[in-house]
Structures are given as C-alpha cells and as structure tokens.
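Dear colleague,

I am handing over the structure below, and after it I set out what was found. Please read the notes alongside the coordinates.

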Amino acid sequence: MILISLSRHSSSFRPVRPWINPEGAFSPGLLFVLALLLLWLGGYGTELRASGRGENDQVLRRELANRLLPEDLAWTFAVGAVEIPRGAEMDRTVLGSYLRVIQEAIGDAPERHLSREERLRWAEDRLRKEEHRLVQSLEERRHRLDRQRLESGAQAGRFEPYENDSRYADLQKELKTVRGIDPEEVLPPRRVPLQMSQVSPRYSQALRSPGVLAEEMKTDIVFIVGLDILGDDPEETLILTVRAFHKVENRERQVLRVVGRGREIAGMLERSSAELVREVTGVSLASLEVRVQDSLGETDQQGVPEDARIKINGSLAGAGIARERFLLPGPYSVSVLAADGRRAEAALVLEKGEFRSLVVELPPVQPRIFRIETDPPGAQVYEGALWRGVTPLDIALPGVKREFLLRRNGYYDSRLQVSPEGDRLYRRELTPIDRDWAGAVTDSRDSFYRSFGAFALSLSVPIILNGLYDDLGGLFPGGVARSDLSRSEQQHYQDRSDAILAGYYVSVGLSVTLFGNMLWRLSRYIRVSQEYHDR
C-alpha cells in the first residue's frame with residue numbers, strides 16, 4: 001500500500017524499462033541479443049536452402065543411378081569367329097557342324113551369375129561411359145553457344161556466361177553428380193538373363209583383336225573357335241580350341257581343347273559341353289534327366305506313361321520324360337503325378353558339373369475286379385492264347401485295354417473289349433451256330449412293320465373319339481344344356497359323352513402301349529441285323 005501511494009503522488013516516479021538507458025537509447029545488451037537473433041535466423045534460412053538443394057541433389061542422384069542401371073539388362077554372347085590355318089582349305093559344312101554343336105550346348109543357357117569383380121567392373125565402365133557422354137554433350141553445347149555468341153555478340157556488345165544457359169547448367173550438374181556416384185550404387189544384379197546373338201560367325205585366317213570384335217558384334221562374351229591341322233590331310237587329326245573373350249573384364253582365356261579325327265570332333269565337343277556352359281553362365285551347373293516307369297497291369301512289362309506329369313522343385317518340367325540342363329548344384333525334389341492319381345516322389349543332391357539320370361517308379365495299380373457273364377453260361381474265356389476260366393468269371397481289371405475271347409460249343413465266338421475305365425460287369429448273349437440269320441432278320445423286320453402298322457391305326461381312334469366328344473359338347477354350350485332339350489334327352493347325351501370320353505382315354509393309353517411295343521421291336525430288329533452283319 002505504501003508503494004502504491006508513492007507511485008501515485010510522487011512526481012519523480014518513472015516506469016522501469018531495462019532495455020532503454022536513461023538517455024533514451026537502446027542498451028548494448030539488447031543490441032547484442034538482437035544481433036544473435038538475426039544471425040540465428042539467417043543461419044536457419046541458409047540451412048533450409050541448403051537442405052532444399054541437398055534434397056534436389058539426392059533426387060537427381062537417384063534418377064541418374066536408375067538410368068545407369070536399366071531394368072532389361074541382359075548379358076549377350078555369340079560364337080564370333082573361326083580361325084582357319086593359313087593356306088588350309090576347310091569344308092565349311094564340317095566347320096558349320098562344329099559350330100552348331102557349340103551353339104546348341106550354350107544357346108539355351110538362361111542366365112549368367114556375375115562375380116563381384118564383374119559387377120564392379122560393369123558399374124565402373126557404365127559410369128565412365130556416362131561421364132564421357134556428358135563431357136561430349138557439354139562440348140557440343142559450348143560450341144553451339146559460341147556460335148550464338150558470334151552471331152549475336154557483335155550486335156549486343158556483350159557475351160552471356162555459359163552457366164546462364166539452362167541446358168548447359170543441367171549438363172554440368174549431371175556431370176558433377178555422376179562423378180560423385182559410387183560404383184557400389186549402380187551394381188547390376190547377381191543374376192542377369194543371357195541372350196545369344198544371331199550374328200553369323202566370321203571365318204578368317206588372321207583375326208583382329210577380340211576386343212574390337214566384341215565391340216563390333218555388341219556382345220559381352222565372344223567365343224572364338226580355332227582349328228589346326230596335324231599333317232597334310234584334314235581327315236587325319238585336328239586340334240580344335242575354343243577361347244572366350246569377356247568384354248567387361250577385358251580378358252581372354254581358353255575354354256577347351258580337343259584333339260581327334262575330323263569325324264570325332266563333334267562328339268568330343270558334346271561331351272565337353274559342361275565347360276562351355278560354365279564359361280557362359282559363370283558357374284558349374286548340373287543336368288538332370290527324369291524318367292517315369294510304370295508296371296503295366298498284372299504282368300512285369302514296363303512302360304513309360306506319357307501322361308505322367310513331372311515336377312522338379314514344384315515347377316512342371318515335362319510329361320513321361322523331363323530333361324533339365326542348367327541346374328544349380330544343390331538339393332532337388334522330384335514329384336510325379338499319373339493321370340489315374342498315383343503319385344511318386346524322389347529327392348536328390350546334384351553336384352557341380354554332374355549329369356544325373358533318375359528313374360521314378362510309380363506304385364503298382366491297385367487291381368479292381370470285373371465280371372463276365374454269358375447267356376447261356378459256361379463259355380470258355382481266353383486272353384490271347386491264355387485260358388482264364390469259365391463264365392461267370394471274375395477277373396482283376398487290367399492296367400491297359402485288353403481283348404477277351406468267349407467260346408462255347410454250338411455258339412459263335414464272341415470278342416469282348418475291356419479297359420480300366422470301362423464297366424465292372426460285362427454281359428454277352430451268345431448266338432447259336434445253327435440259327436437262320438436271314439429268317440431271324442426277316443421275322444424281326446416283319447414284326448417291326450406289324451407293330452408300326454398297329455400303332456399307326458391306333459392313332460385314328462382317339463382322333464375320332466375326340467371329334468365326337470366335341471360334337472356332343474355343342475349341345476351343352478358353356479356347360480349348360482340347351483333349352484330345347486328335354487330332361488331325358490339331356491341325360492341321354494350326357495351319358496353318351498361320358499362314354500366317349502372314357503373311350504378316348506383308353507385309346508390314348510393303347511396308342512402309347514403300341515408305341516412302346518414298336519420301339520422294342522425296332523431295337524430287336526436293329527440288334528439282330530447287326531449280329532447278322534457281324535457274323
């Protein structure tokens with residue numbers, strides 16, 4: 001309270017303002033704080049601008065890295081050249097057969113497994129080519145700007161710096177970014193698809209540098225086939241070598257060397273195909289052949305079911321027989337599914353460069369029983385020359401389609417086709433030998449004709465009765481008798497119409513019965529005629 005009263009009545013009281021000195025000027029402390037605040041705000045804005053530029057640089061860096069590593073990257077290879085000894089005359093047909101063996105051995109190779117060194121060298125080469133392209137683009141842009149300066153500089157009296165050109169500045173920025181990209185950022189995948197070039201090989205007695213050949217053919221791997229003749233006769237002994245040049249690594253090595261007579265070289269190349277495959281794929285692969293074996297029916301006969309599906313590691317590889325040439329070493333599972341539902345499985349481990357032939361046996365077919373009956377019974381049943389029994393006879397269902405012969409004295413032989421998908425009960429009516437087939441056919445035909453005539457005649461009865469019923473219905477329009485009819489006449493006509501209606505229904509039933517009889521006699525006529533034709 002004392003302080004308040006003093007502040008109201010004292011004329012010398014002034015409000016306290018610590019940031020202003022008594023002379024009315026800002027204090028040094030306040031100026032120092034303001035300076036720090038301005039410095040901090042300036043630095044923060046600089047950081048924001050720098051962070052913005054840094055983010056843009058990172059985006060450009062990622063775009064360039066994605067452009068340097070295409071999605072459809074593939075490794076190409078080709079049989080590029082054939083070196084022929086000087087002065088030697090070689091048959092191009094024979095040389096072509098050697099080349100076809102090599103191309104067939106490696107033509108279907110699916111992918112190449114790149115080593116760490118190959119991936120790094122590819123990335124370095126890719127960055128070097130991109131840098132060279134950007135430098136050339138800068139030079140071309142600079143020359144173009146110089147021409148524009150010469151055309152417009154004399155009139156304007158001044159020259160614009162190169163950096164003021166947006167295209168030139170963008171190229172410079174890309175070049176700087178490319179030079180800052182680490183090869184580790186653009187490494188290709190460990191596995192890349194392989195593509196065989198369709199360029200025809202070159203025949204030469206003095207081959208130029210394999211590196212130049214690879215550049216001209218635009219391939220990553222070039223195979224060079226060399227031939228040398230021991231002696232004067234080409235049919236005596238040949239030395240065939242296969243060398244491979246890898247453009248990325250810039251190295252050449254001999255893949256294989258075979259020595260033999262001219263007609264033996266193709267077979268020796270086929271047996272050495274694993275070396276060629278390893279060179280083009282980068283790893284030692286294995287081959288697997290799977291065959292399905294089945295026990296047919298009750299015998300010990302073996303067969304190959306062509307409809308049995310084979311899967312290797314869950315992927316469909318073939319039916320009946322499957323061959324896979326380019327498999328990585330390691331464990332594999334083989335499963336077989338037959339058309340009748342039987343299954344079989346096998347497991348194996350493939351080694352490097354191994355060729356494995358695997359036979360998978362399906363479990364035996366579970367026998368099912370089918371029955372043969374004859375009329376009359378007692379027929380002898382033969383399967384080929386093998387006697388199986390007397391009817392009625394129960395036999396295990398075969399694994400394949402078979403034919404049985406039914407034989408009985410006094411009757412014609414009858415043949416019966418049985419298959420696993422067929423019925424389980426077979427009935428056969430045996431035909432007597434002394435039967436008059438011509439008379440039987442005539443009787444069955446005449447019987448059919450008579451039944452047809454009776455059916456046709458029976459159709460007229462319900463038609464006539466229906467007409468009579470309609471005529472009597474005219475005496476009762478709307479269900480009410482006409483007024484000119486007496487009660488006795490009405491009763492007479494009513495009784496007659498009821499009798500006609502009952503006769504109509506009876507005649508319809510008779511026609512249906514005669515129609516069924518006609519169909520039965522028709523089927524009998526057809527069956528007897530067919531049996532007569534077969535005999």
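Tyr 162 is buried, having a relative accessible area of 19%, where buried stands for under 20%, exposed for over 50% and partly exposed for in between, with a 1.4 Å probe and protein chains only. This is a predicted model, in which local features need pLDDT of at least 70 and side-chain atom pairs count only at pLDDT 80 or more, while totals for chains, interfaces and linings use all residues. Residues are numbered from 1 along each chain as its sequence is written, and side-chain values use heavy atoms, with hydrogens and water left out.

Tyr 168 is also buried, at a relative accessible area of 3%. Rings of Phe, Tyr and Trp (its six-membered ring) pair if their centres lie within 6.5 Å, and planes under 30 degrees apart are called stacked, over 60 edge-to-face and the rest tilted; by this rule there are 8 aromatic pairs. Among them, the rings of Tyr 162 and Tyr 168 have centres 5.5 Å apart and planes at 35°, so this pair is tilted. Arg 142 lies over the face of Tyr 162, 5.8 Å from the ring centre, the criterion being CZ of Arg or NZ of Lys within 6 Å of the ring centre and within 35 degrees of the ring normal. The charged end of Arg 407 likewise sits over the ring of Tyr 382, at 5.7 Å from its centre.

Ring pairs also link Phe 448, Tyr 449, Phe 452 and Tyr 525 into a cluster. Within it, Phe 448 is buried, with a relative accessible area of 15%, whereas Phe 452 is partly exposed, at 45%.

Best regards
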